[in-house]
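Trainee: I would like to check the labels on this model against their cut-offs. Can we go through them one at a time?

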Amino acid sequence: MIALKSVNQSHRCTEFVTLMDEFRHMVNEAIRVGIDKKITSKIKLRNELYHRFKNEFHTSYISMAVFKSHALLKSYRRALRTNPCAKKPYVSKNFLIIDSYIYKISYNHIKIPTRPREFVIIPLNDYVAKVLSEKGLKLGNITLTKNKISISLSKQVEKRISAGFIGIDTNLKNSTCVDDTGKVSVIDMSKIVAMKIRYREILSHFTRNDVRIQKKLKIKYGQKQKNKEDAFLHEESNKAVSSRKQIILENLNGMKKLYKKGNGQGRRFRFLLNSWSRFKLHKMVDYKSKWQNGFSVIYVNPKGTSSKCSICEAKVLEERRIVSCPRCGLYIDRDVNAARNILARGMRFVPDALASEAMVQKSALVENLKVDASELHFGTAKTAPELYI
Ligand SMILES: [Zn+2]
């Protein structure tokens, strides 16, 4: 199995400004030609443009620019199928994609060509140098923006057998984890939500007339907030992955569409539901699980996970975030119930398990949960011991 990840660091080089602008121009021009001449093949598009671009731009970057525009064109064509008025893609931010054979990394420095026989050397920071020193890594493309450099990496990992399973139910203010032994742990996300609300309020008080200053402040505060959020999510996802158990998550595809502008919801409601990036946590857990443990995350359909009983699958009644089952008498926190349902769904679909084995696993799991149900009788997410995995 191939595991992917990327490492970032900041840089202060100003030598790339012209090159990035040229790259952006190439991408936009390739998009225009692709639409006008209706070219769908990547190679055809490259052949069409190579001879035109090679006199004006650095030849090493032509292919990457064309491939990037091809990817944008592909998603544009897909969007056209459902929306005939879809906006034509246009890149307005300067950036640069550097192919793996163009740059060189040696002695903790990265060497990038800017013009023929002209190079810029960027020193790597300690963290990035440490990550890159791992054996068996394959270096991928580099994405360069005004002040950030991101190196993508891949490695071949051996498939391993997991030590067990964990189901995670991700919510707005907390994420509840239940493992196959019945242990419950809660990741408290309310701090992140509160921080986002605070930053939003701070920004709303800046009433300068100058748009440029407003923009600068927004970028500054946005970056601060993002750094704090990322640090927290990295810490929590590391804890989840360190248990060496296979993680089961809800499939959130299509979830973002629910809280889009124009769906009849208020601004504050939309802000709150989009404020904590559940996707970010899912992504982190996904790549870390592959990279460190050698097995991928299982995604399950979230439909009905919070409305069905995790013991007997009957419809539950809910009051103040506590659910009760009219059939088997289960009385439990709603998030714990949802996490158990996710766990049970995921374990049923373990790809290597035989049908009979899957049934055994399911019944064994239910046994575990039954024992645990009495202990958790009045357990809520708030009062549950904050046992991190
Ligand atoms: Zn029940």
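Predicted model: local features only at pLDDT ≥ 70, side-chain atom pairs only at ≥ 80, totals over all residues.

Trainee: What makes Cys-309, Cys-312, Cys-325 and Cys-328 donors of the zinc ion?

Mentor: Their SG atoms lie 2.2 to 2.3 Å from the zinc ion. Donors are N, O and S atoms within 2.8 Å of the metal (3.2 Å for Na, K and Ca); water is not among the atoms, so sites may look incomplete. Along the chain, the donors follow the spacing C-x2-C-x12-C-x2-C.

Trainee: Why is the site of the zinc ion called tetrahedral?

Mentor: Four donors count as tetrahedral if all angles lie between 85 and 135 degrees. The angles among the four donor atoms here are 104 to 116°, so the site is tetrahedral.

Trainee: What makes a set of residues a nonpolar core?

Mentor: The set holds buried Ala, Val, Leu, Ile, Met, Phe, Trp, Tyr and Cys residues joined through side-chain atoms within 4.5 Å. The largest one has 45 residues, and Phe-16, Phe-23, Ile-112 and Ile-151 have the most contacts inside it. Helix H1 (residues 17–36) gives the largest share, eight residues. A second, separate core of 19 residues includes Val-178 and Val-323.

Trainee: How do you know that strand E9 is largely enclosed?

Mentor: Six of the six residues of E9 (residues 174–179) are buried, so the rest of the structure largely encloses this strand. Asn-174, Thr-176 and Val-178 point one way, and Ser-175, Cys-177 and Asp-179 the other.

Trainee: What makes E8 and E9 a pair?

Mentor: Two strands pair if DSSP finds at least two bridges between them. Strands (E, at least two residues) and helices (H or I, at least four) are DSSP runs, numbered from the N terminus. Five bridges join E8 (residues 165–170) to E9, so they pair, and they run antiparallel. Gly-167 has Val-178 as its bridge partner in E9. E9 also pairs with E10 (residues 184–188), again antiparallel and over five bridges.

Technical notes: Residues numbered from 1 in each chain as written. Heavy atoms only, no water. Tetrahedral: all angles 85-135°; square planar, octahedral: opposite > 155°, others 65-115°. Buried < 20%, exposed > 50% of the residue type's maximum accessible area, 1.4 Å probe, protein only.
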